[in-house]
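Subject: The structure we talked about

Hi,

Here is the structure I promised to pass on. Please open it next to this email, and then read on for what I found in it.

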Amino acid sequence: MAKLIIKFNDIVIDQIALKQGDTTLGRRPGSDIVLDNVVVSGNHASIFTIGEDSFIQDLNSTNGTLVNNKKITKHHLMNGDVVSIGKHSLAYVNENQTKPADNLAKTVILSAGREEIAPAAPARPAAAAGATQHGSLFILSGANSGKRIDLTQTVTNLGRSGKRAGVINRNANGSYLLLPGDEGQTPKLNGTPIPGNGQQLKNGDMIEVADARMQFYLK
């Protein structure tokens with residue numbers, strides 16, 4: 001399980017295990033991690049954790065968020081990274097994390113007839129009882145790690161430009177079906193090639209497609 005070792009002026013003041021989903025950081029009471037210092041914004045940053053992967057995003061804070069002394073907007077945290085927020089430092093520790101291979105640079109999401117990698121979006125609030133759930137993909141490896149792609153289209157094509165490596169269909173009932181792509185292009189779901197008629201996606205499923213690794217999240 002990933003955790004943060006929190007220091008203030010180089011003195012350890014807390015150690016917090018990261019929960020799955022969103023963890024908020026800020027000066028405002030009610031934040032999951034309260035950093036009580038004048039240079040910290042009320043809602044300063046958030047960390048999204050899914051499986052063994054955590055992604056930090058600055059929430060347009062006044063003084064910014066640094067990882068390993070570099071200002072970031074969003075960043076895929078790796079074991080040993082140090083987040084700096086004002087006089088607080090937060091060391092990210094996750095010895096179970098597998099270092100991702102740099103293999104996603106040529107992988108794209110093809111949606112509505114045009115090639116794009118969608119920007120990360122803020123997490124949606126939990127769906128009310130009976131409401132239609134919405135799916136997202138979280139890129140877990142390579143140059144585009146940390147991206148969140150909301151699956152809002154009826155059909156989302158996965159793969160390189162001009163060749164589909166897989167297809168995700170969003171059904172009217174809110175379920176999602178992963179299908180093979182063009183000839184010879186069969187995605188793997190949780191390490192196993194999917195059948196020719198596709199396979200329904202479940203929250204937390206791991207997808208391997210076109211040498212990329214991503215995780216499906218349903219909320």
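A salt bridge here is a side-chain nitrogen of Lys or Arg within 4 Å of a carboxyl oxygen of Asp or Glu. Please keep in mind that this is a predicted model. By that rule, the count comes to two salt bridges.

One of them joins the side chains of Asp32 and Lys19, with 3.4 Å from N to O. Asp32 sits in the loop between strand S3 (21-26) and strand S4 (33-34), and Lys19 in the loop between strand S2 (11-17) and S3, so to speak linking distant parts of the chain, 13 residues apart. Asp32 is partly exposed, at 41% relative accessibility, and Lys19 is partly exposed too, at 42%.

The other salt bridge is between the side chains of Asp205 and Lys202, at 3.8 Å from N to O. Here Asp205 counts as buried, because its relative accessibility is 4% and the limit for buried is under 20%. Lys202, with a relative accessible area of 49%, is partly exposed.

Next, have a look at strand S22, residues 206-209.

S22 has a partner in strand S19 (residues 188-189), to which two bridges join it in an antiparallel run. Within that pair, Leu189 has Ile207 as its bridge partner. S22 also pairs with strand S23 (residues 212-218), again antiparallel, over four bridges. S22 and S23 make a hairpin with two residues between them, and Ala210 in the turn has a positive phi of about 50°.

These strands belong to an open sheet of six, in the order S15-S14-S23-S22-S19-S20, with antiparallel pairing. At the edges are strand S15 (148-150) and strand S20 (192-193), each of which pairs on one side only.

The nonpolar cores

The largest nonpolar core has 19 residues, and those that touch the most other members are Leu137, Ile168, Leu178, Leu201, Ile207 and Phe216. Two or more residues each come from strand S14 (135-139), strand S17 (163-170), strand S18 (176-180), S22 and S23. S23 gives the largest share, four residues.

Leaving aside neighbours within four places in sequence, Ile168 is in contact with a list of residues including Leu137, Leu151, Val155, Leu178, Leu201 and Ile207. There is also a second, separate core of 18 residues, and Leu35, Val67, Ile72 and Tyr92 are among them.

Some single residues in loops

Asp36 lies in the loop between S4 and strand S5 (45-50). Is Asp36 buried or exposed? At 64% relative accessibility, Asp36 counts as exposed. Beyond its neighbours within four places in sequence, Asp36 is in contact with Arg27 and His88. Asp36 and Phe8 are 28 residues apart in sequence, and their C-alpha atoms are 9.9 Å apart in space.

Asn60 has a positive phi of about 55° although it is not a glycine. Asn60 is in the loop between strand S6 (53-58) and strand S7 (65-67), and is exposed, with a relative accessible area of 76%. Asn190 likewise has a positive phi, near 55°, in a residue other than glycine. You will find Asn190 in the loop between S19 and S20, and at 44% relative accessibility Asn190 counts as partly exposed.

The chain averages a pLDDT of 80, and 80% of the residues score at least 70. Over residues 101-129 the pLDDT is below 50, and this stretch has 70 contacts in the model beyond near neighbours in sequence.

Happy browsing, and best wishes

Note on methods. Residues numbered from 1 in each chain as written. Heavy atoms only, no water. Buried < 20%, exposed > 50% of the residue type's maximum accessible area, 1.4 Å probe, protein only. Pairing = 2+ DSSP bridges. Core = buried A, V, L, I, M, F, W, Y, C linked by side-chain atoms within 4.5 Å. Contact = heavy atoms within 4.5 Å. pLDDT = per-residue confidence, 0-100.
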